[in-house]
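The chain is shown first.

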Amino acid sequence: MASNRQVWLKSRPNGIPQAENFGIRDGDIPLIAEGEFLVQNHYLSSDPAARGWIADATTYWPRIEIGDTMRAFAVGEIIESRNPRYSTGEKVMGLFGWQEYAAATDKHVNLKIAPRDLPLSLYLGVLGLNGFTAYFGLLDVGLPKAGDTVVVSTAAGAVGSCVGQIAKIKGCRTLGIAGGAEKVRQCLDEFGFDAAIDYKAGIDLDEALRSACPEGVNVYFDNTSGSISDAVLRNLALGARIVICGTASYPSWSPWNMGPRPERHLLVKRSRMQGFLATDFLDRFPEAEVQISQWIKEGRINYREEIHEGLEHAPGSLQRLYKGENTGKFVMRLPVAKTRVNA
Ligand SMILES: NC(=O)c1ccc[n+]([C@@H]2O[C@H](COP(=O)([O-])OP(=O)(O)OC[C@H]3O[C@@H](n4cnc5c(N)ncnc54)[C@H](OP(=O)(O)O)[C@@H]3O)[C@@H](O)[C@H]2O)c1
């Protein structure tokens, strides 16, 4: 009898989720109801955002309860359908969870995948949440103009590397901030940043930013908050746009983080700071997918992936991401040769 291997939430962490916060179990392959379809996942994603989804704090989606299968982005194939808008054999990307099979409806789907001769795993990275976050965050929130200086934190990461490359395509000058010499090398050699700073090298970040951005920072794509952002805020150009994308530097949300006040910098530099979620732009995901896949095929967007075999890698993945140990977008490949059931 075939089963549905799943990763579930065993205990709620305060801070970075650890492997022991999760369990692995064999559940049933769901029977689908009218309006639903059954997705067999091929790849699962691990994203820093999952920390927020399980936190005992205000977040943007309902929190995951103890015992629930972990929410996660995945790509898979529809193997059974009772929904006229979704056909057997179609590939989809969406919130199908850290599991092998998911009963899904329209609301779980982020993108129907058109055949483009590109690896399916990319729909969890540069052609999925990470790429779309970079695309809409930079272009719609950051509003870059040719000639602007764009600064990106976690610049070698899945989102950051894409932000830097899109900014270059739009004629901007790019500066990446990343942790460690190898990530700085990736920023310069693989992702085309004009300059990169290793914030872990014991340098004076204010001084490094002043010398790399003598005219100030026009767009700051903020993936970290914390001391990196404090330094960038002291180096803004007039009319700067600060895109709040992530808060990777926060060790925990309880007690709440305290830090320098940004208001004076924003006032003096007549600047704007705005948070956003990639999913605010859900209706426009197909536009981003078409554009980014074209840039990939033209060789204008590069990406890195770290592909693991099996969902057993899921429980330890978040601590790895928050230590900055991953060497590319963290994706798990599932064995897809299982017998179809409920057919
Ligand atoms: N708003 C949205 O809709 C949305 C959507 C997707 C992702 N995000 C956010 O975008 C950011 C990047 O996501 P990603 O998937 O591309 O992950 P990522 O950048 O590949 O991985 C997270 C990175 O955070 C950095 N980091 C960890 N602890 C840090 C600390 N204490 N101080 C500074 N940096 C630290 C590490 O980079 P270094 O090694 O360079 O330090 C690590 O590689 C995350 O904050 C994520 O939550 C937001």
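## Confidence

pLDDT is the predictor's confidence in each residue, on a scale from 0 to 100, and a contact means heavy atoms within 4.5 Å. The model is a predicted one, in which local features need pLDDT of at least 70 and side-chain atom pairs count only at pLDDT 80 or more, while totals for chains, interfaces and linings use all residues. Residues are numbered from 1 along each chain as its sequence is written, and side-chain values use heavy atoms, with hydrogens and water left out.

The chain has a mean pLDDT of 95, and 97% of its residues reach 70 or more. Over residues 337-343 pLDDT stays under 50; for this stretch the model has 17 contacts beyond four places in sequence. Where pLDDT is low, the predicted coordinates should not be read in detail.

A cavity is a set of points, on a 1 Å grid over the protein atoms alone, where a 1.4 Å probe fits but cannot get out; its lining residues have an atom within 4 Å of a point. Grid points are joined across faces, edges and corners, and volume is the space filled by probe spheres set on the points. One cavity of 30 Å³ or more is counted, and the largest cavity holds about 40 Å³.

The lining of the largest cavity consists of Ser 45, Ser 46, Asp 47, Ala 50, Trp 53, Met 70, Arg 71, Ala 72, Phe 73 and Trp 98. By class, six of these residues are nonpolar, two polar and two charged (nonpolar: Ala, Val, Leu, Ile, Met, Phe, Trp, Tyr, Cys and Pro; charged: Asp, Glu, Lys and Arg; polar: the others, Gly among them).

## Cysteines

The model has zero disulfides (a disulfide being a pair of cysteine sulfur atoms within 2.5 Å). Cys 172 is in no disulfide, and the nearest cysteine sulfur, that of Cys 213, is 12 Å away. For Cys 213 the closest cysteine sulfur is in Cys 172, and this 12 Å is too far for a bond.

Cys 172 is buried at a relative accessible area of 4% (buried is under 20%, exposed over 50%, partly exposed in between, with a 1.4 Å probe and protein chains only). Cys 213 is also buried, at 4%.

Thr 224 sits in the loop between strand 11 (217-222) and helix 6 (226-233) (helices, H or I of at least four residues, and strands, E of at least two, are DSSP runs numbered from the N terminus). Thr 224 is buried, at 6% relative accessibility. Beyond four places in sequence, its contacts include Ser 153, Thr 154 and Gly 246.

Gln 186 belongs to helix 4 (residues 181-190) and is buried at 5% relative accessibility. Leaving aside neighbours within four places in sequence, Gln 186 contacts Ala 156, Phe 191 and Arg 304.

Conventions:
On a 1 Å grid over the protein atoms alone, a cavity is a set of points where a 1.4 Å probe fits but cannot get out, and a pocket is an open set with protein on both sides within 12 Å along at least five of seven lines; lining residues have an atom within 4 Å of a point.
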